[in-house]
Amino acid sequence: MNNVNSLFSSLWQDYIARLSPSAGKVHQLLSNNDELINDHIALRTFNLPKVGLQTLAAPFLAIGYKACETYDFEAKKLKAQHFEHPDPNAPLVFISELLVEELSPEIQDIIHGLVEQVPAHYFATSDFLSSGRPWTLSFEDYQVLAKESEYASWLAAHGYGANHFTVYVNQLEAFAEVVDVNQHLRDAGFAMNEVGGEVKGSPEVYLEQSSTMADKVKVNFTEGEFEIPGGFYEFAKRYTLPSGKIYTGFVAASADKIFESTDR
């Protein structure tokens, strides 16, 4: 687990420093000074040869993760896959990629221009997973991307890093239900993602999820610094399958709504 711990530790440090500064406070509110179990992280990329889903998966496969289910998000033009480690205490990994060829020619040109800036050796070590943006981007192009695909604009602005970490609600002593976690955070001043209801999923699909709305963070563009949505914190409660095992997959209909936590 040493390799797993060090990789997730670097992802966490990048996440709370750059993408979701409020995550540290949420962590404190829920942890009672105990270590929280991280259910999963999510990563975003484009489906282009150099930077596609398999490029992001490689560092996880190298430390023992195995590819599991795949998911389609037709409306958002995304494909995704989740990965599991043989150690059940290791977090799940959810990687999605934007189907660039399904976007307008203008958007495709911008994205190809970004990816062309990335040297091939950039992906030689796992450091790229928490290294941010490997290209320069104008705020003008960010806004053009955002009009067609919030996902594209977020990825273009932030590059690589954990879009979110996830508290495993099953382990919490103070809260048995996702809705109680939501209320506790609301009382502390956090905005929750209400798209598709404050709790996505149900015991019938063996997974319930909720999330905060993304922090606003300052990002450098060629024209200067602008404040845009960063990362968010998610909460997941998993239920036992008829086989007696805890469900470890994802529910596409719920994940679709979670993606909207970073909407402007």
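Modeller: Contact here means heavy atoms within 4.5 Å, while helices (H or I, at least four residues) and strands (E, at least two) are DSSP runs numbered from the N terminus. This is a predicted model, in which local features need pLDDT of at least 70 and side-chain atom pairs count only at pLDDT 80 or more, although totals for chains, interfaces and linings use all residues. Residues are numbered from 1 along each chain as its sequence is written, and side-chain values use heavy atoms, with hydrogens and water left out.

Colleague: What covers the buried residues of H3?

Modeller: Buried means under 20% relative accessible area, exposed over 50% and partly exposed in between (1.4 Å probe, protein chains only). Within helix H3 (residues 53–61), Leu53, Thr55, Leu56, Ala57, Pro59 and Phe60 are buried. Their cover includes helix H1 (2–19), strand E1 (38–46), strand E3 and strand E4 (92–98).

Colleague: Does His82 count as buried or exposed?

Modeller: His82 is placed in strand E3 (residues 78–84). Beyond its neighbours within four places in sequence, His82 is in contact with a set of residues that includes Cys68, Tyr71, Val93, Phe94 and Phe250. Its relative accessibility is 1%, so His82 counts as buried.

Colleague: Which residue's side chain does a polar contact of 2.8 Å join to that of His82?

Modeller: A polar contact is a pair of N or O atoms within 3.5 Å; within protein, one must be able to donate a hydrogen and the other to accept it, and residues adjacent in sequence count only if both atoms are side-chain atoms. At 2.8 Å, the partner of the His82 side chain is that of Tyr71.

Colleague: How many charged residues are there in the contact of H4 with H5?

Modeller: Axes are lines fitted to C-alpha atoms, for helices over the stretch in contact, with angles from 0 to 180 degrees between N-to-C directions; the axes of H4 (residues 105–115) and H5 (residues 139–148) come within 10 Å and cross at roughly 130°. H4 and H5 are therefore oblique to each other, given that angles under 35 degrees count as roughly parallel, over 145 as roughly antiparallel, 65 to 115 as roughly perpendicular and the rest as oblique. The contact is made by Glu106, Ile107, Ile110 and Ile111 of H4 with Asp141, Val144, Leu145 and Glu148 of H5. Counting Ala, Val, Leu, Ile, Met, Phe, Trp, Tyr, Cys and Pro as nonpolar, Asp, Glu, Lys and Arg as charged, and the others, Gly among them, as polar, these residues divide into five nonpolar, no polar and, for charged, three.

Colleague: How is H5 oriented relative to H6?

Modeller: H5 packs against helix H6 (residues 150–158) at an angle of about 150°, their axes lying 6 Å apart. That angle makes the orientation of H5 to H6 roughly antiparallel.

Colleague: Which residues of H7 meet H2?

Modeller: Helix H2 (residues 23–31) and helix H7 (residues 178–187) pack at about 120°, with axes 11 Å apart. That makes H2 oblique to H7. On the H2 side are Val26, Leu29 and Leu30, and the residues they meet in H7 are Val181, His184 and Leu185.

Colleague: What distance separates the C-alpha atoms of Ser9 and Ser130?

Modeller: Ser9 is in helix H1 and, at 37% relative accessibility, counts as partly exposed. Ser9 and Ser130 are 121 residues apart along the chain, and their C-alpha atoms are separated by 10.0 Å.
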